[in-house]
Amino acid sequence: MGDLQKLQEELKKLWTDELYSEEFRKRSSSHKDFDHALKHIRKAAQVLENMTEEADHSGSADAFELEPIGKYIADILISTIRLANVAPVGSINLEEAVLKRIERKMGVRLELAQKR
């Protein structure tokens, strides 16, 4: 099991329904968790886009700071892992999907080292 797969398994234990309001939990939509994770991705991506927009308009890279950029990229990754866990069609092995996508799009097969 690679690190991404470990993250995916651990997130299943951490991001649970207890984090949501009673009203949200009562919703019967089969894709509500998927939709919620997508919204987190959009919000984080919007903050990053606002930074690039500010830099474009000001002509300065002062809008960029390492810590906030790292925070929002982490939010995107965490929410992406959540998407894989709650996909309406069933849980997706994200590590496998990423490796297959890299191979298909970039023509390179990556082998992740197995940690013991």
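Mentor: R82 and D33 are both buried in this predicted model,. Their side chains form a salt bridge, with N and O 3.5 Å apart. R82 belongs to helix α4, residues 66-85, and D33 to helix α3, residues 32-58, so this pair ties together parts that lie 49 residues apart in sequence. Burial here means a relative accessible area under 20%.

Helix α3 also holds a pair of its own, K39 and D35. The closest N and O atoms of that salt bridge are 2.7 Å apart. K39 and D35 are four residues apart in the helix, which means a separation of about one helical turn. K39 has a relative accessibility of 38% and therefore counts as partly exposed. D35, at 24%, is partly exposed too.

A further salt bridge joins E103 and R109, whose closest N and O atoms are 3.5 Å apart. E103 is partly exposed, with a relative accessible area of 33%, while R109 is exposed at 59%.

As to the charges themselves, oppositely charged side chains can pair when their charged atoms come close.

Conventions. Residues are numbered from 1 along each chain as its sequence is written. This is a predicted model: local features need pLDDT of at least 70, side-chain atom pairs count only at pLDDT 80 or more; totals for chains, interfaces and linings use all residues. Side-chain values use heavy atoms; hydrogens and water are left out. A salt bridge is a side-chain nitrogen of Lys or Arg within 4 Å of a carboxyl oxygen of Asp or Glu. Helices (H or I, at least four residues) and strands (E, at least two) are DSSP runs, numbered from the N terminus. Buried means under 20% relative accessible area, exposed over 50%, partly exposed in between (1.4 Å probe, protein chains only).
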